[in-house]
Structures are given as C-alpha cells and as structure tokens.
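User: Hello! I am new to this structure and would like to learn how to read its contacts. Could you walk me through them step by step?

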Amino acid sequence: MKLIILDDYDQASEWAAKYIRNKILLFHPGPDRYFTMGLPTGSTPLGCYKKLIEFYKNGEISFQYVKTFNMDEYVGLPRDHPESYHSFMWNNFFKHIDIKAENTHILDGNAADLQAECQAFEDKITAAGGIELFVGGIGPDGHIAFNEPGSSLVSRTRVKTLAKDTIIANARFFDGDLSKVPTMALTVGVGTVMDAKEVMILITGAHKAFALYKAIEEGVNHMWTVSAFQQHPQTVFVCDEDATLELRVKTVKYFKGMMYVHNKLVETHPLDAKKN
Amino acid sequence: MPSNKSVSDAPITQFINCRILRDHKLQRDDLWVREGKILNPEKLFFDEQGYADERVDCEGSIIAPGFIDVQINGGHGVDFSQASDDAGSGVSFVAQKILEHGVTSFCPTLVTSPADVYHKVLPQVKVHDGGRHGAGVLGLHLEGPFISVEKKGAHPEQFLRTFRSGAGSLDDLMEAYGSLDNVAMVTLAPELSGSQSAVRELCRRGVAVSLGHSVANLSQAEDAVRSGASFITHLFNAMLPFHHRDPGIVGLLTSDQVPAGRTVYYGMIADGIHTNPAALRLVLVTDAIAAMGLPPGRHTLGQQVIEIQGLHAYVAGTKTLSGSIATMDECVRHFKQASGCSVEEALEAASLHPAQLLGVSHKKGNLDYGSDADLTLLDDGLNVRATYISGEEVWRKGS
C-alpha cells in the first residue's frame, strides 16, 4: 500500500490527476488497446476531474481510447435529474473531454430488471478486459461506492439499500428533504473493485480522518469496507493533512518520508511514455 | 465524424470556446445545434451516444439569442410605408442588411398610412423564416392609424382613423388594413371609442396589441390590458407624461390592475434611460427608418419627409422626432452603457423580451434546448461578430 499525504485538497487532487495522467500515458492506449478506469462521483474527486480536464485541454492526454465504468447510481432517480450520477459525470467530466459516449458506462438505476443490469455491468467490465485503475472515494463511515458498513467484502455489483447516515448526508443535495433522497442504489461490489489491477482511493478533509485510520491502521473489517484494500496488491491512498488527523505520528512520518520516491510517479511526461 | 443515426441523420454542430446566455446568465458552455434547433448534448451523449460532426471555434465570443426588432420602419433607403409594387423586395433587402446588426427576426412596421398603402403593401409581406436571404419576418407591426390626434408625432393627421360607433370594430380594422393575416402587432390608442372591442378582436386573432400615440388615462390603459393589450409602444414618447393624479399609460408599469400571469412589456428606443426593476419588461426597438444605414439627408417615412440631422430624425422643417436611424446592436450597446445594466439584461431586452411579447418564446429569444438556433455572436464590447439563423451562418464580420 502507498499512502500519499499532501498539504491540502488542491494538492491532493492535482497529485491524483497527475498519477492518472501518467498511468494513461504509460499504457499507450490505442484502437485495440483501451485503458479501462473505474470512476467515482461526489465532492472529493471534483478537483481531480478539473485537473484531468486541464491536462486534456493542454493536449497532454486524450480519452479517445479510454473506457470508463462508474461505481454507482441511484435507483429510480431520472437520469437527467441534476443529482443523478449521469448528470454529475456529464457536467463535471465527460462534456469537457474527448471521450466517446459508447466508451462510458454508468449503471442504469431505472432499468426494468435491476439485477440483470448489475450482471450486465460486470459482464461489460470483463469484456473490456478488467479494470486497470479503479479510482474511488469513501464516506466518513468508510464505505467505498455504496458498499455500506456490513457489506460483504467479496460482494459484486448489486442493488443496495442506503444506510441512514448516507441518506442524511445526501439530503443536502435534495433541498434538505429526506423524503426526496433515493433510498436505493446500484453499486459495484467490494469484490468488483478488488479485481482491478490497481486501486486509488481519494480521502480528504478532517471528517474522513477516522475512516482513513480504520482503513489502514486497523484490521480488515466489513464495517469499514474500504479496509478490504489492505488485501489488494496495488492500492494507493491519496489524502490531505486533515485526513491524517487520526493516524499515528509514526505512520504519517513514515509515509511522508517516502514522498520523494512517490513523487516520481507523477513527474511530467514519464520517460518510457516518450520512448515508444 | 459520423454522428449516431438513431434519431436523426442531420449533422451536429458544436460551438466551442464561447459564453452562452442561458437562464439569464452568461455561462461558459458549449452550444450544440442540430436541424436548426438547439440540442441537449447530455441527451445526445447518453441516449444516442452521438457527438459533434463539426466544431465552430467562437474565439471567446458571447452567444446571445438572435435579436428581434418589433418596430422597424425601414432602412438603407427602403421605407416600408410606401405603396410600392415591390414592397416585398424592399422588406427582403432590409431583412438581409440587418443580419449584420445581429437581428434574426423582425416585424416590418408601417406608420399611419392611407388605406391604399396598407392594401398594396400588406399582401406582399408574408410571415416567413429567416435564412441566408435575411432575417425572418414574424409579422407586420401596424403603428396607426387608430391613434390620437394630440399625440400623432410624425404620423400624418389626415390619415388618422377612429372606430365608428355602432359598427363592429373588426369592420373598421379590415377597412383600414384590408387583411390581418400577416400582422403580428397593432399599435392603437385605447382612449378611442370602440378601441376595447378592437383590442379583443385583434388578440383573438393572435395579433399583439400595443398602446401608444395616445392621451389615455391609466384606467383606459388598464381596460385595454384586461382586454388583451400587452405592449407599450416607445414608452414616454407620444403619450401623456406620468402625473401623480393620473399616471396615464406610463402608469401601467406600476399598475396592480394587470391580471395575474400577464405581463405588459414596453418598447424603448434606447437613448439615455435608467434601469430599474421594470427593465425586466423592457423591449429594445430601433424604430429605424429608411435613413438607417445611409448618410444624412432627406428621406421618407410613409407620407412624411424626414430630415436627418446628426443622429436625429425630424419631420422636415420641424423639431418633431420621427423614428431613429439606430441599428439594433447600437441600441443594445447604448442601453447597456446608458443604464449601467448587465450584459445579460441588455441582450435579453433585444431577444427574450420581444419573443415573450410576441408569444414566440417557446422557440425564439432564448438558447434553451429545442429553441431555434438563431444566434448572435458578439465580442465583449457587444459588437456583432457573426449571425446565425437556424444554425446556419448568415453573416460574419469581414467576410
């Protein structure tokens, strides 16, 4: 596991975006070789998306040969509702870049057969050759995607009933009216994300500090589903100082001491990307 | 790039690098157009998996809905109020010329004229869509002859008319105009006896009624609004001034007698006015005459000879103002500068508000999805860079 600690949200976002940029460049995507990504929604990844858009506009990267799979979507919310994850992805990312609609995949929370929709999503990931890099965020209770506390750590894409905490947290997006907040969602499972070659988790803000502590300093526990990634061979947690508040000084010092190594991962124009 | 064909074969154009006027705000966003209509790109992306066939780099331009001039008497030597055999081509000529002012639709306006002028000209002017050939015609604006003698302005007194008592007002309208088929708006004075039933007749036929050239008091104006009138022709000009005991037509701006859900708009030839909340109902008009676009000299306005001195148009030998020689883009710039209003307010006064007034805001005067792609591209100084009608470029500066 890598733990990347940056000063603040903006720096964490930029670091994550640069990491993604370099991953795409090093992969050398092409018509027969798509780079596959898992993508989150929410306020945490916004800064990272903004940076990626900037890189695209500067001509540093293209998403022409990138396939994306989103983590989750509400059930029963109209697709063009401003709070749907379709709207989020369109407004905050897709409309600004050169990705093709056919290469983006978001679960359809209005499908007639929700279970079939989930299975089809898993099949599409498999057909695309699995996911190279799954980017995720977490909730203050340590949930990844909508894998609420208590979710099976080997779960697959499925229908989930949201935890009360999540519904309350989301009410602010629905005029503060709890009755308007969707209570169910389709979400990839912890196991789905675990299958990715690499996982990057963004965690920023003091309110996520306890979740980060549970994720990396305590044992694997289905009540903090993000802790499952302790078992993943390639996980990178990107956080800001605030998110480290509950960590041991020793942990923070150790990983900060390695930043000079980790920062090499985000240097502009990775050498071997240029060579080929 | 082929776009997805499941919904339409038509090519899709994406205007990039622009700020578009939507929801009363300039927003950094792209504008998408297909089949002459503004397209919702999110639906295109998710429903059709489609994308743009062509991209137009707007180089930072503002994109506003195309301007709509509901009161223009002519321009470039053409006077719409002349009994000419080729009045139609005169309208077409002006329609083409005003593209460079960002105008995509207009109402050719006739001042008070003898019946033979109306009978000759009206059949030659048809409502039609705009395009490369020129701005679209939304219908005629007939200013007079049912107006007040006291406030006739530049309208010739001998051709003014009243409604005959006893006879149906429709008969009077038909006798004067000959036809109402291609008429979008009529300006009349609501104090004329029989005018209330004329207002109702006109509104029933989908003709907007404007109040002007009038000495009406407020209650007469309010009666007309209750009968369906929705506009005030060149506010303050050719009407009684606001008086505390009887505010007259101007009093409609603050009247509480306007039926709920109805709005009374008012036209202004933008020079030196001050903005206030009522600006939300402001419609910029040019009231331009034949001399617009020409050097100073003598021109006609219907039956009158007009003399241009500097920027003023006077009835020859008098100090009676008669229309203007302003272009719509000049009016927008002047309005913004003189009133200190926002760019958005200035642009909407020349696009959204006239469309609302004419009841065509479901397709014109805004950049909402599904609306006609009539566009005016402007720089930050509100100078027109290019004009589009139904998504097609119809004018571009320097080309």
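Analyst: Gladly! Keep in mind that this is a predicted model. Let us begin with one pair: Glu392(B) and Arg132(B) join their side chains in a salt bridge, at 2.7 Å from N to O.

User: How do I read that distance of 2.7 Å, N to O?

Analyst: The general idea is a cut-off: a Lys or Arg side-chain nitrogen has to be within 4 Å of a carboxyl oxygen of Asp or Glu. Here the N to O distance for Glu392(B) and Arg132(B) is 2.7 Å, so the pair counts as a salt bridge.

User: Into which domains is chain B divided?

Analyst: Domain 1 takes in 12-64 + 366-396, and domain 2 covers 66-358. Their C-alpha centres lie 30 Å apart. Where they touch, domain 1 of chain B brings 22 residues and domain 2 of chain B brings 23 residues.

User: How many salt bridges does the rule find across the interface of these two domains of chain B?

Analyst: The rule finds one. For polar contacts between domain 1 and domain 2 of chain B, the count is 10 residue pairs, both partners being at pLDDT 80 or more. On the domain 1 side, at least two residues each come from β3 (25-28), β7 (62-65), β22 (375-378), β23 (384-389) and β24 (392-396) of chain B. Sorted by class, that side has 12 nonpolar, six polar and four charged residues.

User: What area do the two domains of chain B bury between them?

Analyst: Buried area is what two parts lose in accessible area on being put together, summed over both. For domain 1 and domain 2 of chain B the value is about 1,800 Å², with 65% of it on carbon and sulfur atoms.

User: Now the two chains, please. How many residues of chain A and of chain B are in contact?

Analyst: Chain A has 13 residues in contact with 10 residues of chain B. Between them, the chains bury about 1,100 Å², 58% of it on carbon and sulfur atoms. Within chain A, the residues losing the most area to chain B are Arg79(A), Trp90(A) and Ala101(A), together 52% of what that side buries.

User: Which residue of chain B forms a salt bridge with Arg79(A)?

Analyst: That partner is Asp47(B), with 2.3 Å between the closest N and O atoms. The count between chain A and chain B is two salt bridges, along with three residue pairs in polar contact, both at pLDDT 80 or more. Helix α3 (residues 85-92) of chain A gives the most to the chain A side, with three residues. By class, that side of chain A divides into six nonpolar, three polar and four charged residues.

Definitions and conventions: Residues numbered from 1 in each chain as written. Chains lettered and ligands numbered in written order. Predicted model: local features only at pLDDT ≥ 70, side-chain atom pairs only at ≥ 80, totals over all residues. Heavy atoms only, no water. Domains from an automatic or database assignment. Contact = heavy atoms within 4.5 Å. Buried area = accessible area lost by both parts, 1.4 Å probe. Polar contact = N/O pair within 3.5 Å; in protein donor to acceptor, adjacent residues only side chain to side chain. Helix = DSSP H or I, 4+ residues; strand = E, 2+ residues; numbered from the N terminus. Nonpolar A, V, L, I, M, F, W, Y, C, P; charged D, E, K, R; others polar.
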